[in-house]
Amino acid sequence: MTGVDSRRVTKRETEGEREAKATTCKEAIQRWEEKTGLIAGEQKDIILSFQWPPIERMDNSLAVLINVEKLSLSTNVIEKISGINSLKYLRILSLSRNNIKTFSGLEAVGDHLEELWISYNLIEKIKGVNALKALKVLYMGNNLVKDWAEFNRLQEIPNLQDLKFINNPICENMDAESWRAQVVRRLPALKKLDAIPIVYAMRFLQWIFNICNYAAYMNYVRKFNEFSLPDTQVKIKKLLKIEYN
């Protein structure tokens, strides 16, 4: 019994030590200031990525970053977006490689956030992106989105131009051309998909469209030539607008 109790105490102590070791946002900001010799509240670009031990929670300590325009908290173990409500100049937010599951917490910056980098997280549902009215760039590859009903929520982002969505489950069992065709059909205003300008995808789709039209045309002509009655041929030629030579 004593041995069991000792193991339990050791386990509790280990869990407590692990919790105590998590870096807070306040500590991360202090480290950044010590490393750079700058005052965080005066800067436009703040990098709090790769903290060790990693940051677990975004909190109100981030409010001191009153002038920040680009904030990076990537490669930590953050599970929820929070603490950024007062960052009225924030334009670019990097949260890649965390444990984030939803877009909740972005509502307060939705009118001015232009880029959100949130790849390599645990996002399955895209609910709430309608708040991102100013968003132009969304990088969310390597998440858990698996159905088109969720993907279609991206239509609620009115200014979206650049999207990275590669390596979500929804992309599985689709070749690159089919994937791009599906996305372009749903998000026709996109300018770039998975780092490739959409103009190339559109040209490809137009090429396919032309081939399909040509194949259909030749099929009609072949059927037309099978008719023998002159009046039937005239009617079909008028229908297809084929001129006599």
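**Reading confidence, exposure and contacts**

Q: Lys146 is a loop residue; between which two elements is it found?
A: In this predicted model, Lys146 is found in the loop that runs between β5 (137-139) and α3 (148-151).

Q: Is Lys146 buried or exposed?
A: Exposure is read against a cut-off of over 50% relative accessible area. Lys146 has 53%, and is therefore exposed.

Q: Which residues does Lys146 touch, leaving aside those up to four places away in sequence?
A: Lys146 touches Glu124, Pro169 and Ile170. With Glu124 there is also a polar contact of 3.3 Å between the side chains. A further pair to inspect is Lys146 and Asn168, which lie 22 residues apart in sequence and have C-alpha atoms 6.7 Å apart in space.

Q: Where is Thr24 found, and how is its accessibility to be read?
A: Thr24 is found in the loop between α1 (2-21) and α2 (25-36).

Q: What pLDDT does the protein chain average?
A: The average is 84, and 74% of the residues score at least 70.

Q: Over which residues does pLDDT stay under 50, and why does this matter to the reading?
A: Where pLDDT is low, the predicted coordinates should not be read in detail.

Terms used:
Residues are numbered from 1 along each chain as its sequence is written. This is a predicted model: local features need pLDDT of at least 70, side-chain atom pairs count only at pLDDT 80 or more; totals for chains, interfaces and linings use all residues. Side-chain values use heavy atoms; hydrogens and water are left out. Helices (H or I, at least four residues) and strands (E, at least two) are DSSP runs, numbered from the N terminus. Buried means under 20% relative accessible area, exposed over 50%, partly exposed in between (1.4 Å probe, protein chains only). Contact means heavy atoms within 4.5 Å. A polar contact is a pair of N or O atoms within 3.5 Å; within protein, one must be able to donate a hydrogen and the other to accept it, and residues adjacent in sequence count only if both atoms are side-chain atoms. pLDDT is the predictor's confidence in each residue, from 0 to 100.
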